[in-house]
Structure formats: structure tokens, C-alpha cells
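Here is a short briefing on one protein model. Look over the sequence and the fold first, then read the points below.

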Amino acid sequence: MLPLAVEHAGEMAEVLADPALHTFTGGTPHTPEALRARYERLTAGSPDPAVRWLNWVIRLRDENRLTGTVQATVADGTAEIAWVVGTPWQGRGIAREAAQGLVTWLRTQPVHTVIAHVHPDHHASAAVAASAGLTATHEVHDGEIRWRLHLT
């Protein structure tokens, strides 16, 4: 994982170009220009000093290319995490490894709870959440199941 940089927008626009990636989250792929503007906002950081935006791109070493993103929004000791891997690289354990690495790193931070939101029909993301140690709750937020891990 590499810290997100504005310069990643062009390559990431290609990685995230498949409309199928939006099946469970909605929306459409960003153009390189729109993604660049988004990355400018993200890398500038949260306007709320009590909130940390942590964003990384996932670089596949063997192919020397970007393949996805992993992120955490941290506030009040809770980290909400998310991940996405481009369609050509799915099914290779990349999201699992990135999510596990993120949770391992969050254990070194002042974080006591990790949360992810997963669409109930997105079995691959549910498997990633479970592999990172999160457990599905009965809570539903915007149609997605809240997964949780207590680090304390």
C-alpha cells in the first residue's frame, strides 16, 4: 500500500473504470479529471481536525501497477474502513491482504473499534471483512450491513 497521491488519479481511473464496481455502491466511474479533483480533496485531509482521512492505493508488486484502494476514516477512536480492487485483479486475495494490513496497522493507532459497511449481497466483500477480523452485526445503514471489530 502506498499513501494516496493526486498523481495516482490517471492510473486509478483506469483501475476503477468498470461500471460493475458500482453494482453495490451506486454511482458511475469517475473520469480522470474528476478522480484527480477527488484525490486533491482527500489528500488535503478532513476539514474537521477531529477526523482523519487515511487513504492508500494498492500497488501489485509483481505487475508494478495500481490495482485498488483501501481507506479509513478515523474519529473518536472508531475507524470506518473500505476497500475496492479493480475487476481484473479480483479473486486474487488483494483486498483481503490490504484490509488485513490496514486493521493490523489500526491496532497501533488510538483506535478501539473498526467498522465496515457491506451490501448484503456482496459476498466477496463480506469475506474480506471477515478475514480482517470483523463480524457482521444486525445493524443496517443505508442498506448495508455494519461489520464491527473491537480492538480493545
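Accessible areas here come from the Shrake-Rupley method with a 1.4 Å probe. On that basis, the accessible surface of the protein is about 8400 Å². Carbon and sulfur atoms hold 53% of that surface. The model is predicted. Its secondary structure consists of four helices and seven strands.

**Overall shape and packing**

- The radius of gyration is 15 Å, in agreement with the value near 15 Å that a compact globule of 152 residues would have.
- Along the principal axes, the C-alpha atoms fill a box of roughly 40 × 35 × 30 Å.
- Of the 152 residues, 40% count as buried.
- Among contacts with a separation of 6 or more, 58% join residues 24 or more positions apart.

**Charge**

- There are 12 positive and 16 negative side chains.
- The centres of these two sets lie 5 Å apart.

**Fold and sheet**

- Along the sequence, the elements run β-α-α-β-β-β-α-β-α-β-β.
- The seven strands form an open sheet with mixed pairing.
- The strand order in this sheet is E1-E2-E3-E4-E5-E7-E6.
- The edges are E1 (2–3) and E6, each of which pairs on one side only.
- In general, strands of a sheet pair through backbone hydrogen bonds, in either a parallel or an antiparallel sense.

**A parallel pair: E4 and E5**

- E4 spans residues 78–85 and E5 spans residues 113–118.
- The two strands pair in the parallel sense, over four bridges.
- Glu-80 has Ile-115 in E5 as its bridge partner.

**An antiparallel pair: E6 and E7**

- E6 covers residues 135–141, and E7 covers residues 144–150.
- Their pairing is antiparallel and also runs over four bridges.
- Val-140 stands opposite Ile-145 in E7.
- E6 and E7 make a hairpin, with two residues between them.
- Asp-142 sits in the turn and has a positive phi of about 50°.

**Focus on Asn-55**

- Asn-55 belongs to strand E2, which spans residues 51–60.
- Is Asn-55 buried or exposed? Its relative accessible area is 14%, so Asn-55 is buried, the cut-off being under 20%.

Definitions and conventions. Residues numbered from 1 in each chain as written. Predicted model: local features only at pLDDT ≥ 70, side-chain atom pairs only at ≥ 80, totals over all residues. Heavy atoms only, no water. Buried < 20%, exposed > 50% of the residue type's maximum accessible area, 1.4 Å probe, protein only. Rg over C-alpha atoms; globule rule 2.2 N^0.38 Å. Contact = heavy atoms within 4.5 Å. Lys, Arg positive; Asp, Glu negative; His and termini not counted. Charge placed at Lys NZ, Arg CZ, Asp CG, Glu CD. Pairing = 2+ DSSP bridges.
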